[in-house]
Amino acid sequence: MNILIMGPAGSGKGTMSKKLHDEFGVAHISTGDMLRENVKNNTPLGHQAKDFMETGRLVPDELINEMVKERLLRADVEKGYLMDGFPRTLVQAKAFEDITKEINKPVDIVVNLKVDVDTLAARITGRRVCKNCGAIYHIKNSPSKVEGICDVCGNATVQRPDDTLEQLQVRLKEHTTNTEPVLDYYREKGLVQDFEASRPADEVWLEIKQAIEAIF
Ligand code: ADP
């Protein structure tokens, strides 16, 4: 089963991706997480990507396409993939089409999460992540037991440098300019299903799960 999950920053892609991975065993491939890992480990790719990421702009296509191609050749993609945050531009979508042909794993469904802008802003500015294990919290909706400390591993939780209102505006603009055409591209292929994702995560998840079970 091969899934793409799409939606603007704060739409819940990360949360739904984790559930999809746990339920269906697909490899969760998040280009945002992969890039952050590269930045953390000071790799050459991390150096090239850092400034783009911190200001909310997209990282150049060549870098992303190369990184994704390598990742898709790993063994855990056998049961299928779940692409989270990729493709985000038409150039990436075309490159992805070529890769998926090579590995014979065409996209089965595009899960599109729709959320109004006010909800996105509240989610993004309240988001905190664990520096060590990546667990995600929200200061109001799902706070850690002790403020600033991760429940899972006890390390510090922090705000992502791009989780400010200013950077969010840039990310939403990138989404409208670059990523909405990608959605149209998959819509024309009849692959997109829309989900109203301003609602509580459990309700959204139930609908996504049912939609996927109906296909397979
Ligand atoms: P968001 O919460 O905005 O969906 P992600 O964690 O998916 O954030 O990505 C964070 C940042 O990483 C993006 O703003 C961008 O700079 C970079 N990035 C992630 N995926 C891509 C991609 N497919 N193409 C270009 N840049 C990307």
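**Pockets, packing and pairing**

Biologist: How big is the second largest pocket in this predicted model?

Modeller: The second largest pocket has a volume of about 220 Å³.

Biologist: And what makes a residue part of its lining?

Modeller: A lining residue needs an atom within 4 Å of a pocket point. For this pocket 14 residues line it, with P8, L113, V115, H175 and E180 nearest its centre.

Biologist: Which element gives the most to that lining?

Modeller: That's α7, with 6 residues. β4 (109–114) and α6 (117–126) each supply at least two. By class, the lining divides into 7 nonpolar, 4 polar and 3 charged residues.

Biologist: Which residues make the contact?

Modeller: From α5, L90, A93, K94, F96 and E97; from α7, N178, P181, V182, Y185 and Y186. That contact has 7 nonpolar, 1 polar and 2 charged residues.

Biologist: How do you know that D22 and K18 form a salt bridge?

Modeller: The cut-off is 4 Å between the side-chain nitrogen and a carboxyl oxygen. Here the closest N and O atoms are 3.0 Å apart, so the pair qualifies. D22 and K18 are 4 residues apart in helix α1 (residues 13–24), which means about one helical turn separates them.

Biologist: How many salt bridges does the structure hold?

Modeller: It holds 14.

Key
Residues numbered from 1 in each chain as written. Predicted model: local features only at pLDDT ≥ 70, side-chain atom pairs only at ≥ 80, totals over all residues. Heavy atoms only, no water. Contact = heavy atoms within 4.5 Å. Nonpolar A, V, L, I, M, F, W, Y, C, P; charged D, E, K, R; others polar. 1 Å grid on protein atoms, 1.4 Å probe; cavity = no way out; pocket = protein on both sides within 12 Å on 5 of 7 lines; lining within 4 Å. Points joined across faces, edges and corners; volume = space filled by probe spheres on them.
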